[in-house]
Amino acid sequence: MALGAGLLAVPTSSAALAEDVGPAVAGDTVQRSATHSHDLTGDGVPDLLSRQPGLDGGSLWVYPGSGALQGMTTFQARTEVMKNFNGYNWVGVAEMTGDTEEYETVSEQPADLVARRETDGALFVFPHSGRLNGLSTFGAPVQIGKSFNSQVWITLADVTADGFDDVVTIDAQDYRWVYPHKGTFKPLDTLGARVGLGRGRPLWELRPNWSRENPDMAAASLATGEMYACAHTNTFKGENTYGTDCRTIAPVGTFANPTTSWLSLIDADGDGDEDILKRQPDGNLYVYRFNGWYSNPMLAPPVQVGRSWNSMDLMT
C-alpha cells in the first residue's frame, strides 16, 4: 500500500470544538477508543510508529509524541520495538485487547499493534505489554483474520462506536467494508461478519480521532492533491454511517504527487484534533495543524518535524 491511513477529526458544531482540548493526563477518565488508539507509551498522548525495512530485517520504531507541535522536537527519541518485521505489508495500531468498559483512565492499557502478513494476508494483533519497553513492548502475535490480501486498503477505527476499534477495508472492486470488533479479544472470533460502508476508493480514510466520540471520514488523492472529510452520523448504520456534512480540508494541489510521498494523520499538537503528517520526496517530514471544522483556512502552514524519513516505508 502506497499511503498511510488516517482520519481527520472534524467536529460538527462550534461547541464540539471547545471540548476535550489538550492531552489527557494520568487519572483522567476518557472515552477509550478515542484516546488510546494511537497511544503507545501509556501517557495519553498519540505516538508515531514507523518501519525501517533496511535495518534488522524490518525494524519497527515508536517515536513518542511530546503533546505539542514544536518543530523537530514534536516527536521524541525513538525506541525500537520489533525486529524482522519485513514479512508484513501493512501495520496499524488500535484498541483491540482492552476491557469492555467504554470509558477508562489514561493509566490503562495503551494501543495494540496490528499487522497483515504478506504471504497469506493473515491479520495479527500483537498485544501491548502496558508500557514502552523496547523489544518487550508487544507480546506474541495472535491471529484475528484470514485472507486480508484480498483487500487493497486497510485501516482501524471505532466505526461502530462501542469502544473497540474495528477493521475497515476497501476491496479490489472499490467496496468499503467494516469488520466490527465483537467486544471480546478471542483470536479468530474477535471480528464479526463484515458490513458494507458503500463504494468508492479514496487513497486513505477513517482513523479514530481524539476529540469526537466517533470517527469521521477523511479522503485524499495524490493525483489531484485535494482532501475532504465527511462527518460520522454518530450511529452505525451501514452505508448511511456517514452523513452529507462534507467539507474540503485542502484544495486541489495541496498534497499532489510532486511534493508528497506519504500522508497520514496524527494529533501532533495534543489539542484533540488530528493533524496531517506529510513526507516529501526529499524525506522531510511536516505537520499541517488542523485549525478546525469551521476555520478558513482549515489547515495551518506546515511545520517541519523530521528529516531523512525516506528510509521508512510504513508510518502510522
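What follows is a set of questions and answers on this structure.

Colleague: What kind of model is this, and how are its residues numbered?
Modeller: This is a predicted model, in which local features need pLDDT of at least 70, side-chain atom pairs count only at pLDDT 80 or more, and totals for chains, interfaces and linings use all residues. Side-chain values use heavy atoms, with hydrogens and water left out, and residues are numbered from 1 along each chain as its sequence is written.

Colleague: How many helices and strands does the protein have?
Modeller: Helices (H or I, at least four residues) and strands (E, at least two) are DSSP runs, numbered from the N terminus. Counted in this way, the protein has two helices and 21 strands.

Colleague: What percentage of the residues is buried?
Modeller: Buried means under 20% relative accessible area, exposed means over 50%, and partly exposed lies in between (1.4 Å probe, protein chains only). Of the 316 residues in the protein, the buried part is 57%.

Colleague: Which strands stand at the edges of the open sheet of four strands?
Modeller: Two strands pair if DSSP finds at least two bridges between them. The order in this sheet is S4-S3-S2-S21, with antiparallel pairing. One side of each edge strand is left without a neighbour in the sheet, because each has a single partner strand; the edge strands are S4 (79–82) and S21 (314–315).

Colleague: Which residue in S4 is the bridge partner of Leu60?
Modeller: Strand S3 covers residues 59–63 and pairs with S4 in the antiparallel sense over three bridges. In S4, the bridge partner of Leu60 is Met82.

Colleague: By what angle are neighbouring strands turned in the open sheet of three strands, S14-S15-S16?
Modeller: This sheet has antiparallel pairing. Its edges are strand S14 (217–220) and strand S16 (242–250), each with a single partner strand. Axes are lines fitted to C-alpha atoms, and angles run from 0 to 180 degrees between N-to-C directions. With direction ignored, neighbouring strands of this sheet are turned against each other on average by 20°.

Colleague: Which residue in S15 is the bridge partner of Met217?
Modeller: S14 and strand S15 (residues 227–232) pair in the antiparallel sense over four bridges. In S15, the bridge partner of Met217 is Cys230.

Colleague: Which residue does a disulfide join to Cys230?
Modeller: A disulfide is a pair of cysteine sulfur atoms within 2.5 Å, and the count comes to one disulfide. The S to S distance is 2.0 Å, and the residue joined to Cys230 is Cys246.

Colleague: Is this disulfide right-handed or left-handed?
Modeller: Cys230 is buried at 6% relative accessibility, whereas Cys246 is partly exposed at 38%. The torsion about the S-S bond of Cys230 and Cys246 is about 115°, so the disulfide is right-handed.

Colleague: How many salt bridges does a search of the whole structure find?
Modeller: Side chains of opposite charge can pair when their charged atoms come close. A salt bridge is a side-chain nitrogen of Lys or Arg within 4 Å of a carboxyl oxygen of Asp or Glu. The number found by the search of the whole structure is seven.

Colleague: How far apart are the closest N and O atoms of Asp189 and Lys182?
Modeller: Asp189 is partly exposed, with a relative accessible area of 35%, and Lys182 is partly exposed at 47%. The two residues form a salt bridge, and the distance between the closest N and O atoms is 2.7 Å.

Colleague: Which residue in S18 is the bridge partner of Ser264?
Modeller: S17 and S18 run antiparallel and are joined by five bridges. In S18, the bridge partner of Ser264 is Leu277.
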